[in-house]
Every structure is written in C-alpha cells, then in structure tokens.
Amino acid sequence: SRTFHKARDKCRTADAVLHYPTSQIIMQDPIYVAFATQKGGAGKSTLTTLVASYLHYVLGKRVLALDCDPRQHSMVEYREKDKLLIRENPVIHRRFTRFMEQFRGDAYEIVKCSPSTALAYAEKEIQKGEPPEYVFFDITGTVNDREIVNLLAAMDYLFVPITPETGDLKSSIGFAHNVNEEMLLKEGSHVKGMFLVWNKVQPKDRNNLCQIINLSLIHISEP
C-alpha cells in the first residue's frame, strides 16, 4: 500500500498532531520536528513558532528553533520584530517583563542557519549540559535540493501545512506526495511520521470544504 503516511488519521486539524512525551517518560534524544512546504504563505513559520512557544512557555520544555529557510528567515524576523515592539511599547514591555518573571526562564533560542549547517548546529547544542528536548526546523519544502532532502530525512516528524487556497493546497499535497514516495516508502529514512495540518481555515469552510478534501486525500492514498 503506497499511502500518505498516516493520512487517514492525521490529516485533520492542527490541534492534535504533535505527540509529546509525558513527564514519566525519560527522553534519550531530542525530537526533531520540521514544518515544511514548497510554497510560501501556507504558515509553516507561524505554526513552527506557535508550537515551539507552546511547548516552551506553557509546558516548560527545552526548545531550540533553527530557521533554515534561506529565502526569508521568517522566524528570525518574527523575533526581531517582537524585540522592537517590546522596546518601543511601554505596555507590551510591562506585560512581557511580568510574564518572564512568572515564567522564570529564558526565551528559547532561534538560530539563523542554512540547510547544510542545521544538523551540525543541532548536534553541537545537544552536547551541552541541558540539551533541547525538541528541535524545530523551519525548512523550505523541496525534493530537488539534496541538502534539504538530507535535512528532511533526518527529522522524526514532518508537518506539511495545507490551506483551502487552491495554489497552496496543490503545492502542499504535491510536496507531501513526493516526500512519501522518496522518503517514507524507502528504507533508511529516519522519519517516523508525516502529517498534513490544516491552517488558515475560515469557520465557514471547516465543516464542508475541509471534510471533502480530507475524504479526497484518503481516497487518493488508497493503493
């Protein structure tokens, strides 16, 4: 059966796709996670930031984020804009200071790097005293660049954002299909699962359009 990996159960919403260990589980190695798409605008950088921030600031997990998208480095830009807003807006500055005092920790690190250097940087951080429990990679999705393919193949989990917009949807499904054919169905891949994640869905589309597309994805994934 040549299928989108776990597409039947996982191609639904963004609120139930990331499985993190409970406090009773002793983690041996950090979990490598990538949000990747071919086409810009699907929200991979935003989703990466939201999930990384939730794990770090809400669940208290050690997180490292590597911005490996050489086209725009959106995560780095988000962080710089946040810093500027905190400096220039007294209200935001007070709220941020109060939050960090309650959090009793530092902001997680966002590192600007290239696909060719990302894994080496992650390994260097892992060798330190308190290695990250989760390493997030913001990656441009393509199977035509060997460095990016090697980086994608090193992930534990891949998340492909899809939106109802026709161009985004076609591009993301095409990318997921290529990853499925070139990585998940071949021996030697480190990837444990790939998940299609809905993003930018308007309330009016949730019940009708998304259900139709979900059923279509299940249909085309059949042998």
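Here's a quick tour of the sheet, the helices on it and some ring contacts.

This is a predicted model, where local features need pLDDT of at least 70, side-chain atom pairs count only at pLDDT 80 or more, and totals for chains, interfaces and linings use all residues. Residues are numbered from 1 along each chain as its sequence is written, and side-chain values use heavy atoms, leaving out hydrogens and water.

Let's start with the sheet. Six strands form an open sheet in the order E3-E2-E4-E1-E5-E6, with parallel pairing (two strands pair if DSSP finds at least two bridges between them; helices, H or I of at least four residues, and strands, E of at least two, are DSSP runs numbered from the N terminus). E3 (109–112) and E6 (193–198) are the edge strands, each pairing on one side only. From one strand to the next, the twist averages 20° (axes are lines fitted to C-alpha atoms, for helices over the stretch in contact, with angles from 0 to 180 degrees between N-to-C directions).

| Helix | Strands touched | Angle |
|---|---|---|
| H5 (residues 118–126) | E1, E2, E3 and E4 | about 160° with E2 |

Now the rings. The whole structure has nine aromatic pairs (rings of Phe, Tyr and Trp, its six-membered ring, with centres within 6.5 Å; planes under 30 degrees apart are stacked, over 60 edge-to-face, the rest tilted). Tyr57 and Phe103 are edge-to-face, because their ring centres are 5.2 Å apart and their planes at 65°. Elsewhere, ring pairs link Phe35, Tyr157, Phe159 and Phe195 into a cluster.

Conventions:
Contact = heavy atoms within 4.5 Å.
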